[in-house]
Amino acid sequence: MHRVLTMSLFSNPFDSNVRLRCACGQHQSEAEHQASVSLVDQRSSDALTSRVVEQAVMRAVFPEDGMRRRFLQAVGAPTALAALSALFPLAAAKEAFAQGGKLEKTDLKIGFIPITCATPIIMADPMGFYKRQGLSVEVIKTAGWAVIRDKTMNKEYDAAHMLSPMPIAISIGAGAAPTPYTVPAIENINGQAITLAMKHKDKRNPKDWKGFKFAIPFDYSMHNYLLRYYLAEHGLDPDRDVQIRVVPPPEMVANLRADNIDGFLGPDPVNQRAVFDGVGFIHLLSKELWDGHPCCAFAASKEFVTANPNTYGALLRAIVEATAYAQKAENRKEIAAAISTPNYLNQPLTVVEQVLTGTFADGLGGVKKVPDRAGFDPFPWESFAVWILTQMQRWGQIKGDVDYQKIAREVFLATDARRAMEQAGLVAPTANTKSITVMGKVFDSSKPKEYLDSFAIKKV
């Protein structure tokens, strides 16, 4: 376990030097090294099993995060575990847990759209993150978001790369029959941009955009909500002053070239591809609107999660470890090489590298350096879900009273993400909510109605 985790987070599993010599260089032979590693692996695995069981029991006794934290702060972790051991057979539970955990399914299909937002889901295939969890995963390039939704709901896919608002919409029956869906991990943060046709390089003020035709990848998307927010903040009504149409990301550049649209708020690498092809320029990055905003997510139905708990856990661990690896700047070029190929993104390597490294041409003759242009942070903050719900309501996608907190808690699985992050040796947030600032305006997820009422331009 220790060796696997170390390799997954900090080294290149395809480095030929790792295969041709003793793994640590401190033993006389590979056999001696393997004997030593096996002992460390067993001890690490036992320790991890103990932690998982202890955390599960603690959560069962104290289901509320705040109550659990106060108890641990009051008595300390060792005393707390000793007290629980007196009431619950922890040793037996740990032994049973260690002997169990068999994967219900090992062969899985995951759908994805060929954009850099799907980086952790995609790279986990060629870079071995799925295999290290005992999974054989086929990642399937898919034409559009409606197809992703339908194939997942029809169980043709076990899980999917989805836009982060999609599982919320599916769960509450917006645009499809209501089916409980989950977001146990965010795939990427930031990583979008507003790109305009070259003919508009002198129209940088949104007030001059009346009559423009914009593309977004899907109605239930951060792209739609951020574009509408940006336009409305500049006094334009997104439903009256401009046209917003759905165009699959792989077709956005072609539509810009054909003059079918004036611009788009789209995912990368299509923004950079428009620059690469000389048909568009980057007006602004989405992180300039909301730094750290969610974009895409790893999503699965509640049915899959409950019917395949061990498989689900293994899959989530693979995604979280891949996300952590992707977040490290030193790994970005390696990842770009792995995912730019025809079977994944099918983009020129330089385009994908510019997106992931954050050193890129802007289409107007400049070169910019924005290292966090695209980020990868798996934690599904419930605040994200509440903000999304306010925008869905703002633009008439949902009507009536909304139980924001309940929906956010049931769809964005912060507790599951926290557990997977801790198992991967990452520092996970202790809270499920945080303050958000969008275009200078602070959003408090405990007051969604007040936030919604504060907007002058809205449908409701």
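This tour moves through the structure in a series of selections and states what is found at each stop.

**Before selecting anything**

This is a predicted model, in which local features need pLDDT of at least 70 and side-chain atom pairs count only at pLDDT 80 or more, while totals for chains, interfaces and linings use all residues. Residues are numbered from 1 along each chain as its sequence is written, and side-chain values use heavy atoms, with hydrogens and water left out.

**The whole chain**

Display the entire chain as a cartoon. There are 20 helices and 16 strands in the chain; helices (H or I, at least four residues) and strands (E, at least two) are DSSP runs, numbered from the N terminus. Of the 460 residues, 52% are buried, where buried means under 20% relative accessible area, exposed over 50%, and partly exposed in between (1.4 Å probe, protein chains only). The chain exposes about 19500 Å², and carbon and sulfur atoms supply 52% of that area; accessible areas come from the Shrake-Rupley method with a 1.4 Å probe, and for residues only the protein chains shown count as cover. A contact means heavy atoms within 4.5 Å. Among the contacts in the chain with a separation of 6 or more, 75% are between residues 24 or more positions apart.

**First sheet**

Strands of a sheet pair through backbone hydrogen bonds, either parallel or antiparallel. Two strands pair here if DSSP finds at least two bridges between them. Select β2, β1, β3, β11 and β4, which form an open sheet of 5 strands in that order, with mixed pairing. The edge strands, each pairing on one side only, are β2 (136-141) and β4 (181-186). Neighbouring strands of this sheet are turned by 30° against each other on average, direction ignored. Angles run from 0 to 180 degrees between N-to-C directions, and axes are lines fitted to C-alpha atoms, for helices over the stretch in contact.

Now zoom in on β4 and β11 (residues 296-301). These strands run antiparallel and are joined by 4 bridges. Thr182 has Ala300 as its bridge partner in β11.

Select the open sheet of 5 strands with the order β8-β7-β9-β6-β10, whose pairing is mixed. At its edges are β8 (243-246) and β10 (280-285), each of which pairs on one side only. From one strand to the next, the twist averages 25°.

Focus on β9 (residues 263-267) together with β6 (residues 192-197): the two run antiparallel, with 5 bridges joining them. Leu196 stands opposite Gly263, and Gln192 stands opposite Pro267. With β7, β9 pairs in the parallel sense over 2 bridges; there, Ala215 stands opposite Phe264. Because 5 of the 5 residues of β9 are buried, this strand is largely enclosed by the rest of the structure. Then show helix α11 (residues 249-257), which lies across β6, β7 (213-216), β9 and β10 and runs at about 155° to β9.

**Pro217**

Select Pro217, in the loop between β7 and α10 (222-233). Is Pro217 buried or exposed? Pro217 is buried, with a relative accessible area of 2%. Not counting residues up to four places away in sequence, Pro217 touches Trp145, His223, Val246, Val247, Pro249, Met252, Leu265 and Pro267. Pro217 and Pro250 are 33 residues apart in sequence, and their C-alpha atoms are 9.4 Å apart in space.

**Helices α15 and α16**

Two packed helices are described by the angle between their axes and the distance between the axes. Select α15 (residues 332-339) and α16 (residues 349-357), whose axes come within 9 Å and cross at roughly 140°. The contact is made by Arg332, Lys333, Ile335, Ala336, Ala337 and Ile339 of α15 and by Leu349, Val352, Glu353, Leu356 and Thr357 of α16. These contact residues divide into 7 nonpolar, 1 polar and 3 charged; Ala, Val, Leu, Ile, Met, Phe, Trp, Tyr, Cys and Pro count as nonpolar, Asp, Glu, Lys and Arg as charged, and the others, Gly among them, as polar.

Finally, colour the buried residues of α16, namely Val351, Val352, Gln354, Val355 and Leu356. They pack against α7 (119-123), α12 (270-276), α15, β12 (359-361) and β14 (374-375). The tour ends at Gly358, which follows α16 and has a positive phi, near 80°.
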